[in-house]
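Here are a few exercises to work through with the model open beside you. Try each task before reading its solution.

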Amino acid sequence: FTFLQSGQYLSEIRKINQKLDVAAHTMIKVPFNIDYWQKVASEKYPKGLPAPYSNDLTQWIFHGHPIQSEQPLQVAVARLLGYRWPAELDPEMELSPEARTWVQKSAELLPLADDDGIVCLPPVRGKRPAAERLLEVLAAAYGPEWSAVRLTELLAAVGYAGKNLEAWLRDGFFLQHCQLFHQRPFIWHLWDDRKDGFAALVNYHKLDRKTLETLTYTYLGDWLQRQQDGMKRQEAGAEERLAAAQALQEKLKLILAGEDPYDIFIRWKPLEQQPLGWEPDLNDGVRLNIRPFMTADILRQRPKINWNKDRGKDVESAPWYNLYKGERINGHHLTLAEKAKSREAEKPPTTLA
């Protein structure tokens, strides 16, 4: 490890290969004086390598606390939506004492997490708007160190100097979230395409069928009722907000039903195991499960995701080998009728007692 960190390792590689794209097998051709580097390592790390610790929230060993993180606002949003990092959930994970201390402090923020993983940007169903709830998480995390000046600094750090938390949540959060997590977002920003309309942040890890129904009929339903009431009071913009929200609700219903093209297609699963409607398997990954929402065009920003064919060839036993001659195609659609028929055919025959 000490040798790899040293500049000597790089210079030794260049003696062997001067190309920009050094092949992997070249990396292990570098001459290595183990006795010398053992001595250097023992002086640099007399107690062995330091225990794992990271402030990078994209890493499994991240402790989960906003203060000691590279992106405090992103961490605070994730915590508000009920997300917890693996280091918080695995008491056996090898971590430094400092990381364990921060894990314990992160636990103090759990009461502020939303219970169903849905946080609406406007106030809906008696719940406060997202910006107010996020502010509460930040204040609890920073404790005595929290102030208006601190909030100004945090917003400036994410390119929102002179703006408020509401503006960042509405316009900046999701784009930055996608960039930070390599275009595989786990907090999704759904909206009706109006800055004064309905929008909600949802924790993808909690977004099962029941949760999506709650969003579609309960939260969005409440917003629709408010706009209808606003129309009766001749409130400015209520009619336009109502129309936009109704359009969003119809798209969410299509995703719930899962008819082509709002279906989920999993290349490595046979027809009878394909999801019927919104029945996502988290193990299939964001790339495939997010497709219906991108098809419906209801995400605040479009992550840079496509469903082009994957590299390599499938084996002949792969479910879709014959259809695509071994090509690993992801951009396929299936009708509900096809999937339902296949599931019915797979049921064992009924026998009389």
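On a 1 Å grid over the protein atoms alone, a cavity is a set of points where a 1.4 Å probe fits but cannot get out, and lining residues have an atom within 4 Å of a point. Grid points are joined across faces, edges and corners, and a volume is the space filled by probe spheres set on the points. This is a predicted model, in which local features need pLDDT of at least 70 and side-chain atom pairs count only at pLDDT 80 or more, while totals for chains, interfaces and linings use all residues. Residues are numbered from 1 along each chain as its sequence is written, and side-chain values use heavy atoms, with hydrogens and water left out.

**Exercise 1. Describe the largest cavity: what is its volume, and which residues line it?**

Step 1. One cavity of 30 Å³ or more is counted, and the volume of the largest cavity is about 40 Å³.

Step 2. Its lining is made up of Ile-118, Val-119, Cys-120, Pro-122, Pro-123, Val-124, Lys-127, Arg-128, Arg-133 and Tyr-219.

Step 3. Sort them by type, with Ala, Val, Leu, Ile, Met, Phe, Trp, Tyr, Cys and Pro as nonpolar, Asp, Glu, Lys and Arg as charged, and the others, Gly among them, as polar. The lining then has seven nonpolar residues, three charged and no polar ones.

Step 4. Strand β1 gives the largest share of this lining, three residues. Strands (E, at least two residues) and helices (H or I, at least four) are DSSP runs, numbered from the N terminus.

**Exercise 2. Follow β1 into its sheet: in what order do the three strands lie?**

Step 1. Two strands pair if DSSP finds at least two bridges between them. The open sheet runs β1-β3-β2, with antiparallel pairing.

Step 2. β1 and β2 (187-191) are the edge strands, each pairing on one side only.

Step 3. Between β1 and β3 (residues 199-203) there are three bridges; Ile-118 has Val-202 of β3 as its bridge partner.

Definitions and conventions. On a 1 Å grid over the protein atoms alone, a cavity is a set of points where a 1.4 Å probe fits but cannot get out, and a pocket is an open set with protein on both sides within 12 Å along at least five of seven lines; lining residues have an atom within 4 Å of a point.
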